Amino acid sequence: MPVTLPPAAHADKSKPYIPLAGGADDGYSTEEEATATCFCGAVQLKFASPSCFKFPPTQGPGFVDSWICNCTDCHKITASMFASNFTIADTHLTHVRGRENLTAYGQANTIASKRKMTNHFCSTCGSLMYRTGDGYPGQSLLRIGTVDDFHLHETKLKPQVEQFIESRVGWLHGVDGVPQVVGLAK
Ligand SMILES: [Zn+2]
Ligand SMILES: [Zn+2]
């Protein structure tokens with residue numbers, strides 16, 4: 001039977017789409033920058049410059065890459081089946097509010113490279129805002145799902161590669177049209 005999608009799914013995806021999701025309603029997306037906010041709203045980041053991203057591939061000042069990770073750590077980290085990430089150079093990332101409300105937890109034992117990765121998550125609601133790592137100096141690994149403009153999730157921030165597919169659950173299929181990689185993609 002055909003599925004009828006609600007109007008938002010048909011909207012012009014070149015325009016911001018910021019549905020109410022969680023405790024904050026002040027996220028935004030402009031030609032120069034876009035916000036990412038935790039579920040309770042205490043922590044908000046902004047990153048530049050999504051308008052410069054070319055799609056596809058997604059490239060622009062400050063933007064490094066975007067990808068899906070199915071590794072076993074990401075199952076635990078997300079409390080779900082995979083993580084959807086994008087990397088921003090720290091020179092293009094600003095803590096709008098709530099930096100003091102972030103808790104950091106890191107370890108190296110289950111990281112393939114054995115180089116420590118640290119999670120920075122909201123102490124109030126638990127949203128993982130970004131990861132940092134010894135192997136990624138000067139960069140922060142943000143989460144696509146925290147970006148307030150949901151149209152960016154499926155346009156300019158669409159994952160470019162999917163990794164650790166050997167750990168992907170059998171009832172999910174890969175992202176359409178992107179390389180599927182066993183183990184680490186980069
Ligand atoms: Zn929060
Ligand atoms: Zn992972």
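Along the sequence of this predicted model, the protein chain follows the pattern β-β-β-α-β-β-β-β-β-β-α-β. It holds two helices and ten strands. The radius of gyration is 16 Å, close to the 16 Å that the globule rule gives for 186 residues, so the chain is as compact as a globular protein of that length. Taken along the principal axes, the C-alpha atoms fill a box of roughly 45 × 45 × 30 Å. Of the 186 residues, 32% are buried. Contacts between residues at least 6 apart in sequence were also examined. Of these, 49% join residues at least 24 apart.

Confidence was then considered. The mean pLDDT of the protein chain is 89. A value of 70 or more is reached by 90% of the residues. Among the elements, strand β8 has the highest mean pLDDT, at 97. Helix α2, residues 150-154, has the lowest, at 90. Where pLDDT is low, the predicted coordinates should not be read in detail.

The largest nonpolar core has 22 residues. Within this core, A36, F47, C122, M129, L142 and V147 touch the most other members. A second, separate core has seven residues. Among them are I68, C69, F82 and F164.

L142 shows how one core residue is surrounded. Residues up to four places away in sequence are not counted here. Beyond them, L142 touches A36, N85, F86, I88, M129 and Y130. Two of these partners, A36 and M129, also belong to the group that touches the most other core members.

D176 has 6 C-beta neighbours inside 10 Å. A residue counts as exposed at 12 or fewer, so D176 is exposed. D176 and Q160 are 16 residues apart in sequence. In space, the C-alpha atoms of D176 and Q160 are 9.8 Å apart.

Conventions:
Residues numbered from 1 in each chain as written. Chains lettered and ligands numbered in written order. Predicted model: local features only at pLDDT ≥ 70, side-chain atom pairs only at ≥ 80, totals over all residues. Core = buried A, V, L, I, M, F, W, Y, C linked by C-beta atoms within 7 Å. Buried ≥ 20, exposed ≤ 12 C-beta atoms within 10 Å, placed from the backbone. Contact = placed C-beta atoms within 7 Å. pLDDT = per-residue confidence, 0-100. Helix = DSSP H or I, 4+ residues; strand = E, 2+ residues; numbered from the N terminus. Rg over C-alpha atoms; globule rule 2.2 N^0.38 Å.
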